[in-house]
Amino acid sequence: MYRVWRIMGEYSLLLVIGAVLGLAWANLDPHAYHAFVDLALFHGGPVGTLEVAADGTTQRVLTLHYLVNDVLMALFFAIAGKEVWEAVALKEGALRGRKALTPLIATAGGMIGPAAVYLLGALVIGQFAELAHGWAIPTATDIAFSYLVGRIVFGAGHPAVMFLLLLAIADDAGGLVILAIFYPQGALAPAWLLLSLAAAAGVYLLANRLPRIIDARGGDARWCTFAYRRLSFWPYAVAGALSWYGFQRAGIHPALGLLPIIPAIPHSDIEFGLFAAEEERLPDLLNRMEHGLKPPVEVVLFLFGLANAGVEFSAIGAATWLVMTGLLVGKPLGISLFGTFAARTLGLGLPPGMNQRDLFVVGCVAAIGFTVALFVAGVAFEPGPVQDAAKMGALLSFAASAVAIVAGIVLGVEKRPAG
């Protein structure tokens, strides 16, 4: 039990506290809550929401909500992007080779199933035009919470836990693509992405590749040591700021703006996996930066929960039930059907020690959308009753944890301890 609470405290506790506080505040004093969240910190700067004044002129307004969701959450998505990058790019990456095919195909089902259930539900209730834009909300899987619940249901030593992690990482990758393509923030100006690409290429060449080329000719490690110890993360921080600005001006959600910089950072060729303690001992800059970012990112997640979970209970509506149905019904069905197709029809199989019942329960665990679902709800709909209702659906996706625990008991899932 201590290990479960340690994982909960390290990865999720501040987020939950922030969400609970936001939810309570919005229901006890909604006026004060929204005045706090929408507080304007700066007018007329280069960063913020583009607003049109009464005289027709435009200016950017930096609000607390924008600071949290569009600026600070870029650090959270950078950590998620780092895990995806290592899983895909490294030779021993978790999402490479035959072992990853079944989880990847199951992930596709875990995104198509919820989206289909959501859209079908919107069509049935006659609100397709109003609600269809939120189809991506139930496609999300919260890595930290699904990992926690997965360990409770299966035990730390069950192969379904690793299968769930692979699925969640791939789901994150798909979610990032969906955000970038289907939820632009304003008019698209793709030329600004050249700034992001130039920043990534420039910092890779100057701070990563060039020192190695010079040292290879001189026969020592002088310049690599200088770049690693003296320059450290600063060149990448500057490049990240430029990339973020390029995303904002391009009309793509700027919370994704640090992703192009991740491949440019020196990294190890070893990938231990998400939450692996061994990564803390790796000397490469990418892992140093990730573990250095974890404490501030936990604070960011607290602020994110506080700024986004403040929904009045009266906001529960059609979007709430569509999001919940998409997650609680569409996720397990999609993952089960596509996973079974991959394992049996395509002959790819499941990991040794994992069966079809485990696959269904994995789908139930993956139905916890929370963090990313809450984020997508905030960009899928304009502020108002529909957005609030969709956010409530993301919050109530915690019900999937109870469903998964019950499903594990009913289906006789064998709980296996680590070791």
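Biologist: What makes Trp-244 of H11 buried?

Modeller: Buried stands for under 20% relative accessible area, with exposed over 50% and partly exposed in between, for a 1.4 Å probe and protein chains only; Trp-244 falls in the buried class, and other buried residues of H11 include Tyr-236, Gly-240 and Phe-247. This is a predicted model, in which local features need pLDDT of at least 70, side-chain atom pairs count only at pLDDT 80 or more, and totals for chains, interfaces and linings use all residues. Residues are numbered from 1 along each chain as its sequence is written, and side-chain values use heavy atoms, leaving out hydrogens and water.

Biologist: What do the buried residues of H11 pack against?

Modeller: They pack against S3, H4, helix H9 (193–218) and helix H12 (285–308), where contact means heavy atoms within 4.5 Å.

Biologist: How do you know that the span of helix H11 agrees with its 17 residues?

Modeller: The expected span is 1.5 Å times one less than the number of residues; for H11 (residues 234–250) that should give 24 Å, and the end C-alpha atoms are 24 Å apart, so the two agree.

Biologist: Why do S1 and S2 count as edges?

Modeller: Strands pair if DSSP finds at least two bridges between them, and 3 bridges join S1 to strand S3 (residues 58–63), running antiparallel. The open sheet of 3 strands has the order S1-S3-S2; strand S1 (40–43) and strand S2 (49–52) each have a single partner strand, so one side of each lacks a neighbour in the sheet.

Terms used. Helices (H or I, at least four residues) and strands (E, at least two) are DSSP runs, numbered from the N terminus.
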